Amino acid sequence: MTDHSTHAATEDARNADILIYVDGALVPRAEAKVSVFDSGFMLGDGMWEGLRLYDGVWAFFDEHMDRLFGACKAVSLDIGMDRAAIKNALNRTAAANGMTTDVHCRLMVTRGVKDRPFQHPALSRSGPTIVIIMEHSKPAAALARGIKLATVPQVRGLPMSQDAKYNSHSKLNCVIACLQAEAAGADEGLMLDPHGFVNTTNACNFFIVRKGAVWTSTGDYCMNGVTRQKVIDLCRAHDIPVFERRFSVLDTYTADEAFLTGTFGAQTPVASIDGKPIGDGTGPVTRRIQGLYKAMIAAHIST
């Protein structure tokens with residue numbers, strides 16, 4: 001992975017010995033496995049969430065569970081656990097690893113092991129597979145300098161093909177966009193919506209700043225990001241003009257600032273788009289939002 005990927009993290013030797021939650025058992029990293037008949041492995045049939053642990057508190061846990069349970073309900077995937085049980089599993093895994101802060105978690109739920117290697121969901125009869133991977137994880141210092149984006153031909157499609165709001169295991173669309181960005185010499189791909197307007201990147205939600213106002217996509221064709229919504233809420237609460245609207249690649253080239261949002265990196269500055277520099281790689285509005293977000297996290301974990 002490029003050092004400037006939005007998920008670039010500082011190396012931490014402790015991650016070599018983590019315990020991973022697999023269907024209720026805590027298993028050493030080298031021994032954590034799922035069946036080749038698992039519907040997630042075989043078909044990408046599952047949903048996942050990325051969460052951050054700050055000082056013993058799972059940031060915005062309820063919002064992440066709203067998204068997870070809503071998506072699973074939409075695809076008739078019974079998690080087999082309620083929210084309290086999921087939080088207990090998260091806390092158990094964190095405690096077993098001695099983790100309290102600066103922790104990134106990937107919670108994965110699939111439809112489970114299939115009786116036969118075919119598509120029909122009814123062939124998954126044994127219940128869901130639930131895996132929790134936690135790592136000691138801080139964003140790499142290089143991210144503060146900003147990352148390079150390239151506009152890619154791969155688009156986020158219409159909801160009737162596969163709704164981009166599903167945080168599903170089926171990520172090939174985004175993987176292709178990532179590969180296209182890499183081929184263009186960029187760190188991440190800027191993806192358009194089906195109508196040619198700027199949408200999102202292959203891994204994060206995307207914002208620009210023009211004349212002090214913050215713009216992001218309509219949200220119709222992108223992941224309903226928890227951090228994305230928190231940034232919009234912060235702007236509204238602190239009198240920063242913010243618009244969810246259609247805009248073109250041209251608007252991004254002439255932006256004063258640009259940044260990405262995501263659970264791991266919070267707000268990651270964008271240094272360039274298609275080789276064109278964006279401001280000085282960061283900017284006063286981005287820095288203000290970063291400060292407001294850090295204050296929000298601090299208030300969140302203190303309650």
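These legends describe close-up views of one predicted model. Residues are numbered from 1 along each chain as its sequence is written, and side-chain values use heavy atoms, with hydrogens and water left out. Because the model is predicted, local features need pLDDT of at least 70 and side-chain atom pairs count only at pLDDT 80 or more, while totals for chains, interfaces and linings use all residues.

View 1. Helix H2 covers residues 61–74, where helices (H or I, at least four residues) and strands (E, at least two) are DSSP runs numbered from the N terminus. Phe61, His64, Met65, Arg67, Leu68, Ala71 and Cys72 are buried in H2, where buried means under 20% relative accessible area, exposed over 50% and partly exposed in between (1.4 Å probe, protein chains only). Seen down the axis of H2, these buried residues fall within an arc of 160°, so they line one face of the helix; the arc is that of the directions from the helix axis to the C-beta atoms. An α-helix has 3.6 residues a turn, so residues three or four places apart point the same way.

**View 2. The partners of H2.** The buried residues of H2 pack against strands S3 (46–54), S4 (57–58) and S5 (103–110), and against helices H3 (83–96) and H6 (226–237), with contact meaning heavy atoms within 4.5 Å. H2 is followed by Ser76, whose phi is positive, near 55°.

**View 3. The largest cavity.** A cavity is a set of points, on a 1 Å grid over the protein atoms alone, where a 1.4 Å probe fits but cannot get out, and lining residues have an atom within 4 Å of a point. The largest cavity has a volume of about 60 Å³, a volume being the space filled by probe spheres set on the points, which are joined across faces, edges and corners. Among the residues that line this cavity are Arg52, Tyr54, His64 and Val226, and S3 and H6 each supply at least two residues of the lining.

**View 4. Two aspartates with positive phi.** Asp23, in the loop between strands S1 (19–22) and S2 (25–28), has a positive phi of about 50° although it is not a glycine, and at 46% relative accessibility Asp23 counts as partly exposed. Asp102 lies in the loop between H3 and S5, has a positive phi near 50°, and is partly exposed, with a relative accessible area of 25%.

Technical notes. The expected span of a helix is 1.5 Å times one less than its number of residues. On a 1 Å grid over the protein atoms alone, a cavity is a set of points where a 1.4 Å probe fits but cannot get out, and a pocket is an open set with protein on both sides within 12 Å along at least five of seven lines; lining residues have an atom within 4 Å of a point.
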